[in-house]
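Here are a few exercises to work through with the structure on screen. Try each task before you read its solution.

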Amino acid sequence: MSVEALRDSFVATRRQFLTICEPLEVEDYGLQAAEFASPPKWHLAHTTWFFETFLLKQFLGDYEPVDPMYEVLFNSYYNGIGAQHPRAQRGLLSRPLLSEVLSYREHVDKAMLLLLATASVHEECETILSRTVLGIEHERQHQELFFTDVKYSLGANPLYPTYRSEVCTANEAPGPLQWTKFEGGLIEIGHNGKGFCFDNEQPRHRVYIEPFEIANRLVTNGDYQDFIDDGGYERPEFWLADGWATAQREHWTAPLHWHEREGESVEFTLGGLKTRSRATPLCHVSGYEADAYARWAGARLPTEAQWEHMAEQTKGSTAPRDINDAHLLHCHPESAKGGGLEQLYGACWQWTQTAYSPYPGFAPSTGAIGEYNGKFMSNQWVLRGGSCVTPSSQARPGYRNFFYPQDRWQFSGIRLAR
């Protein structure tokens, strides 16, 4: 990518974040309904902090930070940088004001454009350009987190407010589940060297898989309702021990954002409460719930190697859609159309049965920036694909998303394998 193209991508990505914030009221910018859900204002500041910390402070000699305390307030988890404001208390940061955070973004944007304008003659040109790409992709990740966090925080309000009233969940029935066979053997997974990837997608390596079948579409609300009606949350034989203990402790009886209101089955969306359609892809389930449903259905979750192999073999017909502003008006998964393998991207992230761990030969980058992914390779599960709010640049076969198996606030669903 040329410096000019990189600059344009930087500008477009930074503007995109402001665009998706436009429906918010000023009171919404500080919402944090749980420790794991950061406020929109914090996301806007943290993504700015990333460019300031890993590029401007290191490579723009006369750069002056807006406020030294921002290094602490908006540091997420980089211990190599220094102290961090407690994650659970991000919603208490009524200062800096929203206007000050937006001014901070403008300050950093101007400095970044200056850095990029002189990057070609800088002795660290390659590092500057590669870190700018990483900063752009990092911001896109936080734009996705914006939607998941805002949805969770708005969903904690008994008024069930809307983010955008245009969100639509009307879907047609997708038809019965079908299975596609894949031969086993020695395959390669991991980034193929073309374009950007995160460090946890490397190195490419060989994996042996047995023959398997995978479902043509995601599990729907109706499919999962059948599991509930059959006592799914009351039958421990379907659950992993930790999953059963979590479900009992948290009093789970249905997916996150499902409600019964005045005799009607509804689900909370970014457009407020909507009638729950049986055809809509199931969303906001934990890995434990996904695994329990798969056992009940006489199937299992795919491994991440199987999922990536399936996606690579079929990517010509299942390429990720362009998730742009127009598509984000919906912000909710759409049903399958009945045309072979579908919904690899653009609907819900798909839980796998694979523990999140390093690929053979993985080595994190040196310094604090090496904390980006590697230090989280413990006690989490891999999800594959992409959701209705995933940026299209990050919807690719090799992308490794990861969450704890009890997490439910992500746009996470289920694809069965056997």
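**Exercise 1.** Find how many aromatic pairs there are, then classify the pair Y224 and W258.

Start with the rule: rings of Phe, Tyr and Trp (its six-membered ring) pair if their centres lie within 6.5 Å. By that rule the count is 41 aromatic pairs. This is a predicted model, so local features need pLDDT of at least 70 and side-chain atom pairs pLDDT 80 or more, while totals for chains, interfaces and linings use all residues. Side-chain values use heavy atoms, without hydrogens and water, and residues are numbered from 1 along each chain as its sequence is written.

Next, the planes: under 30 degrees apart is stacked, over 60 edge-to-face, the rest tilted. Y224 and W258 have ring centres 6.3 Å apart and planes at 85°, so they are edge-to-face. Y224 sits in helix α6 (residues 221-229) and W258 in strand β5 (residues 258-261), 34 residues apart; helices (H or I, at least four residues) and strands (E, at least two) are DSSP runs, numbered from the N terminus.

**Exercise 2.** Decide whether Y224 is buried or exposed, and do likewise for W258.

Buried means under 20% relative accessible area, exposed over 50%, partly exposed in between (1.4 Å probe, protein chains only). Y224 has 0%, so it is buried. W258, at 9%, counts as buried too.

**Exercise 3.** Classify the pair Y356 and F402.

Their centres are 4.0 Å apart and their planes at 5°, so the pair is stacked. Y356 is buried at 2%, and F402 is buried at 16%.
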